[in-house]
Amino acid sequence: MATHDLYGADGKQAKLVKRTLKPNQTTSLEYDNGTRRQIDQKGVEVRLFADGKKETRYPSGDGDKYIVIQSAKDGSKLQTNPDGSTITSYPSGNKVQRMANGIFISQYSDQSSLQVDPDGREIRKWPTGELEVSQPDGTIIRVDSNGVKRTTYANGVSIESNKDGSKVQTNSDGSQIELLPDQIKIVHNTDGTRLVCHPDGRKEKLSKAGFTLEIQSGDNPDSPSVIAETRNVSAWELEKEEQRLSLIHI
């Protein structure tokens with residue numbers, strides 16, 4: 001690289017007034033606008049401007065392309081890479097990275113971060129291990145510090161997944177579907193009734209009070225014969241049980 005190709009902010013070429021070759025083979029250049037340059041044997045160049053700003057240029061190994069780091073008087077720095085990506089760091093400890101593919105990553109002094117993708121997806125992370133992903137379609141995924149994952153969809157449906165393998169789906173109408181680690185599924189209806197589905201195909205319908213309304217056998221031939229019977233509870237029995245529980249709640 002030529003040692004005189006320096007231009008001012010006005011676009012005019014600065015005039016070289018002094019050139020010195022140091023014993024370590026570093027070339028020192030001084031210009032009439034107050035700018036100084038130092039270029040070592042490896043091609044690393046440091047530019048010191050009259051306003052206190054500093055610019056360091058590192059050869060990237062790809063032709064005449066450089067990694068450029070600009071340092072301001074307030075302590076902020078801007079690194080520009082050959083692919084067009086940049087990293088801006090601030091005295092506060094905050095850092096903003098713009099990738100060549102359009103992804104922005106902001107890292108904060110509290111160790112939290114925010115990633116924004118070109119399609120609008122946002123990913124937030126906290127030092128506690130918490131994570132939140134916001135999708136363009138309105139879906140929000142949250143993972144807390146205990147590893148519990150909650151996914152909320154734009155239609156109001158949410159799914160909570162626990163580390164033990166259990167899951168709870170809450171529908172927009174308030175009903176829920178609960179899947180336990182032993183693969184038992186419980187459907188919670190809005191009227192308070194529940195349907196318990198066992199892995200062997202057995203099903204139990206329970207009232208709001210927890211009273212058994214119906215038991216259906218599954219396809220497992222080893223299941224007890226008593227389960228094969230279907231027991232319907234009379235309306236009188238159900239009403240009596242509901243009244244008892246109502247009195248307890250009062």
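# Working through a chain of strands

Four bridges join β9 to β10, two strands that run antiparallel; strands pair if DSSP finds at least two bridges between them. This is a predicted model, where local features need pLDDT of at least 70 and side-chain atom pairs count only at pLDDT 80 or more, while totals for chains, interfaces and linings use all residues. Residues are numbered from 1 along each chain as its sequence is written, and side-chain values use heavy atoms, with hydrogens and water left out.

## Exercise 1: the overall picture

Task: work out what secondary structure the protein chain has, and what share of its residues counts as buried.

Step 1. Helices (H or I, at least four residues) and strands (E, at least two) are DSSP runs, numbered from the N terminus.

Step 2. Of the 250 residues, 24% count as buried. Buried means under 20% relative accessible area, exposed means over 50%, and partly exposed is in between (1.4 Å probe, protein chains only).

Step 3. Now the contacts, meaning heavy atoms within 4.5 Å. Take those in the protein chain with a separation of 6 or more: residues 24 or more positions apart account for 7% of them.

Step 4. The protein chain exposes about 16200 Å², and carbon and sulfur atoms supply 49% of that. Such areas come from the Shrake-Rupley method with a 1.4 Å probe; for residues, only the protein chains shown count as cover.

## Exercise 2: how confident is the model?

Task: find where pLDDT stays under 50.

Step 1. pLDDT is the predictor's confidence in each residue, from 0 to 100. The mean for the protein chain is 85, and 82% of its residues reach 70 or more.

Step 2. One stretch under 50 is residues 221-238, where the model has 24 contacts beyond four places in sequence.

Step 3. Another is residues 240-250, with six contacts beyond four places in sequence.

## Exercise 3: serine 112

Task: is serine 112 buried or exposed, and what does it touch?

Step 1. Find serine 112 in the loop between β10 (104-107) and β11 (113-116).

Step 2. Serine 112 counts as buried because its relative accessibility is 8%.

Step 3. Its side chain makes a polar contact with the side chain of aspartate 110 at 2.5 Å. A polar contact is a pair of N or O atoms within 3.5 Å; within protein, one must be able to donate a hydrogen and the other to accept it, and residues adjacent in sequence count only if both atoms are side-chain atoms.

Step 4. Leaving aside residues up to four places away in sequence, serine 112 touches Ser106, Gln107, Lys125, Trp126 and Pro127.

## Exercise 4: salt bridges

Task: count the salt bridges, then look at some of them.

Step 1. A salt bridge is a side-chain nitrogen of Lys or Arg within 4 Å of a carboxyl oxygen of Asp or Glu. That rule gives 11 salt bridges.

Step 2. Glutamate 45 and arginine 37 meet at 2.7 Å, N to O, and both are buried. They belong to a salt-bridge network of Arg37, Glu45, Arg47, Glu55 and Arg57.

Step 3. Glutamate 132 bridges to arginine 142, with the closest N and O atoms 2.9 Å apart. Glutamate 132 lies in strand β13 (residues 131-134) and arginine 142 in strand β14 (residues 140-143), so the pair ties together parts that are 10 residues apart in sequence.

Step 4. Aspartate 144 bridges to arginine 150, with the closest N and O atoms 3.4 Å apart. Aspartate 144 is buried at 19% relative accessibility, whereas arginine 150 is partly exposed at 37%.
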